[in-house]
Amino acid sequence: MDDPTPDGDSSPAVRRIRQLLLHIRHPSAPSPSSVAGEGQLAALPCGSRENKVAAVSVAELAQYMRGRHREIQERVFEFFRSRPDLQTPVEISTADHRELCMRQLTALVRDAGIRPFRYVLEDPSLYFAISEAAGGIDISLGIKMGVQYSLWGGSVINLGTKKHRDKYFDGIDNLDYPGCFAMTELHHGSNVQGLQTTATFDPVTDEFVINTPNDGAIKWWIGNAAVHGKFATVFAKLILPLQGMGGGSADMGVHAFIIPIRDLETHSVLPGIEINDCGHKIGLNGVDNGALRFHSVRIPRDNLLNRFGDVSRDGKYTSSLPSINKRFAATLGELVGGRVGLAYSSVGVLKIAVTIAVRYSLLRQQFGPPKKPEVSILDYQSQQHKLMPMLASTYAFHFATLYLVDKYSEMKKSHEDEAVSDVHTLSAGLKAYITSYTAKSLSTCREACGGHGYAAVNRFGTLRNDHDIFQTFEGDNTVLLQQVAIDLLKQYKEKFQGGTLTATWSYLRESMASYLSQPNPLTARWEREDHLRDPKFQLDAFRYRTSRLLQTVAVRLQKHSTRLGGFGAWNRCLNHLLTLAESHIESIILAKFINSVQSCPDKNTRHVLKLVCDLYALDRIWHYNGTYRNDDYVAPNKAKAIHKLTEYLSFQVRGVARELVDAFDLPDYVTRAPIGMSSEAYAHYTQYAGF
Ligand SMILES: Cc1cc2nc3c(=O)[nH]c(=O)nc-3n(C[C@H](O)[C@H](O)[C@H](O)COP(=O)(O)OP(=O)(O)OC[C@H]3O[C@@H](n4cnc5c(N)ncnc54)[C@H](O)[C@@H]3O)c2cc1C
């Protein structure tokens, strides 16, 4: 579009635009180059303040962010840079994409010698770092890797015992045994306990007979099943004949079984198994999802993954866990690694999208003061509003997922009940919160890049489509957030029964005692910048909101349950419960961000991280302004001050936006979008179009 303000044009619309521009321009706008040391266009001022941010060293910040994972991620990036034959083209058919994705994974393992499966066991944080880097190459590759190592491989080593590890580890590791994780059925996804596939023990032959009793029990959406898988971990109800009441059969609940699905030599589908293709999807087409039906397929008794429950030769069931529910919880508890990986990889996707959108917004110039050069679109307050809190959130999520990975790694070593429970809830909450945020942000980034954001080569289309399902698989986000809410209510109940709170939620102990007392009418009016930027004020505000939501929903649930019963009352309060879960997760994210700022050894880096953290915190507080105002936690003058400061912080972060995205340390080879190149973006773009 042309500049609408050519000199001499005095149509009413143009005059109005001129007036508006005068409102947002300020003659003494400082150049961001004086701030960040780069030759950029002058930033538009925000109010009358100047954009003073200390110089930041990209190298220091990148080092602090990626730490010890940098080396392995660089190995992944370098390998794919050296192999153009493995790059996913912008346009590719489903069949070709599936084959390419399998070649990418095989080459990574066999040619580059990166063996992710070992890290699943020995050093999960390295595994997640590889998986994030692989997702940067192609999200399908990251997911295909997750299916092989975290789901299929993870189920064998976490739900099985030594005999399974001995037999399958090498084949999974070197990809001789590509496999699937077959839990979901046509009629049951989130409700895993409702699965209908059966595994009936036959004491005569010492085998299990796996059967799909009806169409609703067909295993659906199973990754690696349509083309490449040779084995599947299949979740089925374990049925023991003659062990039930009155000599009938007993249903022991959902268990996992290893089932060979294709011949190791010929790759033909094995007898009794029917496999069909789930077909072309709206994204992730490098992964071959298929549907599986079993017609009384026989497998040896040894193929039961028997860590939490076993069947003896004479058909007797043994388990160290007393009930079906406890065994089910233990089984699912071992599978949280997939969720941790998705949260982590989702941040990786967000980093790529934000990098492209910010770089392009710095480069792109539209409109400007009369007779002056056009300004960069990132100098518009509206563009800052779209992208700067998102950039701040990306940093916040980065540190939160590092924390999650650490907790997960500790839990894998200790296996303590409390750690297992904490990681279960934390991974559910962070996966749900982050993937939902990233999914929305991908659309915002596309829109922030205007028409050029719509070109497939600029990545937002594939990123958005490939990432979208992160919200659903490994647990639907709405269902996962309810697990967080359940845990919080459990803690709340225990607190009032005199119990102790587990480590992760310990802030609630304090908050329920202090934050829920009447808001302090004095502090509700404090509006000075040093107070608003005080981490104590910010954390208190987040925690107050969580505590208030927890207390009020507990009261509502009790009130409604008398008339509606437990299920009805839960449903009556469902939106309230989801808000509570999100609020709690935000409290955790902020707490971890504040810790990471405080632990940063380099002064300038710490200073810039503090700025980003303040923006994250105040943007959220402003977002929930209605709640804070309703409770008089924040007086009108303070609300106004928060809003003003949030806009100012966005403006300041804009001054170091280039450095902040550079510190994600993503080579151009990985971001790939011509408009997001670190230099000569337009030249790359025109070249792509054939000029
Ligand atoms: C590309 C892809 C790959 C997959 N790969 C695998 C795989 O390899 N192995 C495997 O086993 N599965 C796989 N899945 C299946 C995936 O795990 C399920 O789709 C997921 O668990 C959700 O189940 P569902 O689709 O049946 O949704 P449903 O559970 O039917 O949910 C549908 C909607 O109902 C809502 N809903 C459901 N229950 C509740 C509730 N209690 N409260 C409020 N709202 C509710 C949800 O929020 C959602 O919006 C894959 C799916 C896809 C699309």
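By salt bridge I mean a side-chain nitrogen of Lys or Arg within 4 Å of a carboxyl oxygen of Asp or Glu. Arginine 533 is buried, at 18% relative accessible area. Glutamate 529 is partly exposed, at 32%. The cut-offs: buried is under 20% relative accessible area, exposed is over 50%, and partly exposed is in between, with a 1.4 Å probe and protein chains only.

A word on the source. This is a predicted model, where local features need pLDDT of at least 70 and side-chain atom pairs count only at pLDDT 80 or more, while totals for chains, interfaces and linings use all residues. Residues are numbered from 1 along each chain as its sequence is written, and side-chain values use heavy atoms, with hydrogens and water left out.

Back to the charges. How many salt bridges does a search of the whole structure find? The count is 39. Arginine 83 and aspartate 111 make one of them, at 3.0 Å, N to O. That pair links distant parts of the chain, 28 residues apart. Arginine 83 sits in the loop between helix H4 (70-81) and helix H5 (94-111), and aspartate 111 is in helix H5. Helices here are DSSP runs of H or I, at least four residues; strands are runs of E, at least two; both are numbered from the N terminus. Arginine 83 is partly exposed, at 22%.

Next, aspartate 202 with arginine 298. Their closest N and O atoms are 3.0 Å apart, in a salt bridge. Aspartate 202 lies in strand E2 (residues 198-202) and arginine 298 in strand E9 (residues 297-300), so this pair ties together parts 96 residues apart in sequence. Aspartate 202 counts as buried, at 14%. Arginine 298 is partly exposed, at 43%.

Now strand E8, residues 289-294. Why is E8 largely enclosed by the rest of the structure? Because 6 of its 6 residues are buried. Both faces are covered. One side has Asn289, Ala291 and Arg293; the other has Gly290, Leu292 and Phe294.

E8 has pairing partners. Strands pair if DSSP finds at least two bridges between them. Strand E4 (residues 219-223) runs antiparallel to E8, with 3 bridges. There, lysine 219 stands opposite leucine 292. Strand E7 (residues 273-277) is also antiparallel to E8, joined by 5 bridges. Isoleucine 275 has leucine 292 as its bridge partner in E8.

A ligand nitrogen is 2.9 Å from a polar backbone atom of tryptophan 221. A ligand oxygen is 3.0 Å from a polar backbone atom of glycine 223. A ligand oxygen is 2.6 Å from an N or O atom in the side chain of aspartate 476.

Then the area. Taken alone, the ligand exposes 970 Å², and the protein buries 65% of that. These areas use the Shrake-Rupley method with a 1.4 Å probe.

Notes
Polar contact = N/O pair within 3.5 Å; in protein donor to acceptor, adjacent residues only side chain to side chain.
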